[in-house]
Amino acid sequence: MLAVCVLVHLVTIIYAVRAGLSAAEILGRTRGNLAWLVFYTVFVVAVAVHAPIGLRSVLSEWARWRDKSRDAVLLVFSLVLLAMGMRAVLVVFA
């Protein structure tokens, strides 16, 4: 799911740049659009789930951090990503 979200996001950026859209024009097209709200909400949730999973492996292998504190820190990291991402989504689309 994350890969699909990244692909859609990149295609959208390329379209906006090639069309010469300004930030104000982009916000004008996305503000209040339920489809974009749902899409970016799914994107944020996918990132908040995916990033800590990958980081868990890196911390286990490279830092040899394997106790429960690692998982607690990664849970907080995930919640911070989720909160920051949803704040951005709501500011842009609400």
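Predicted model: local features only at pLDDT ≥ 70, side-chain atom pairs only at ≥ 80, totals over all residues.
The packing of helix α3, which spans residues 34-62, against helix α4, which spans residues 68-93, was examined at the outset. The axes of these two helices lie 9 Å apart, and the angle at which α3 and α4 pack is about 160 degrees. Because angles over 145 degrees count as roughly antiparallel, α3 is described as roughly antiparallel to α4. The crossing of α3 and α4 is right-handed, and the residues that take part in the contact between them comprise 19 nonpolar, four polar and three charged residues.

Helix α3 also packs against helix α1. The axes of α1 and α3 come within 9 Å of each other and cross at roughly 130 degrees, and the two helices are therefore oblique to each other. In this case the crossing is left-handed. On the side of α1, the contact is made by L2, C5, V6, V8, H9 and T12, whereas α3 contributes W36, F39, Y40, V42, F43, A46, V47 and H50. When these residues are sorted by class, the contact of α1 with α3 is found to have eleven nonpolar and three polar residues, and no charged residues.

The largest nonpolar core of the model consists of nine residues, namely L2, C5, F39, Y40, F43, V44, A46, V89 and F93. Two or more residues of this core are given by each of the elements α1 (2-18), α3 and α4, and the largest share, which amounts to five residues, comes from α3.

A separate feature concerns the loop between α3 and α4, where R64 is found. Although R64 is not a glycine, this residue has a positive phi of about 55 degrees. The relative accessibility of R64 is 61%, and because a residue over 50% is classed as exposed, R64 counts as exposed. The core residues, by contrast, are buried, since a nonpolar core is by definition a set of buried residues.

Terms used:
Residues numbered from 1 in each chain as written. Heavy atoms only, no water. Axes fitted to C-alpha atoms, helices over the stretch in contact; angles between N-to-C directions. Helix = DSSP H or I, 4+ residues; strand = E, 2+ residues; numbered from the N terminus. Parallel < 35°, antiparallel > 145°, perpendicular 65-115°, else oblique. Left-handed = near helix turned anticlockwise from the far one by under 90°. Nonpolar A, V, L, I, M, F, W, Y, C, P; charged D, E, K, R; others polar. Core = buried A, V, L, I, M, F, W, Y, C linked by side-chain atoms within 4.5 Å. Buried < 20%, exposed > 50% of the residue type's maximum accessible area, 1.4 Å probe, protein only. Contact = heavy atoms within 4.5 Å.
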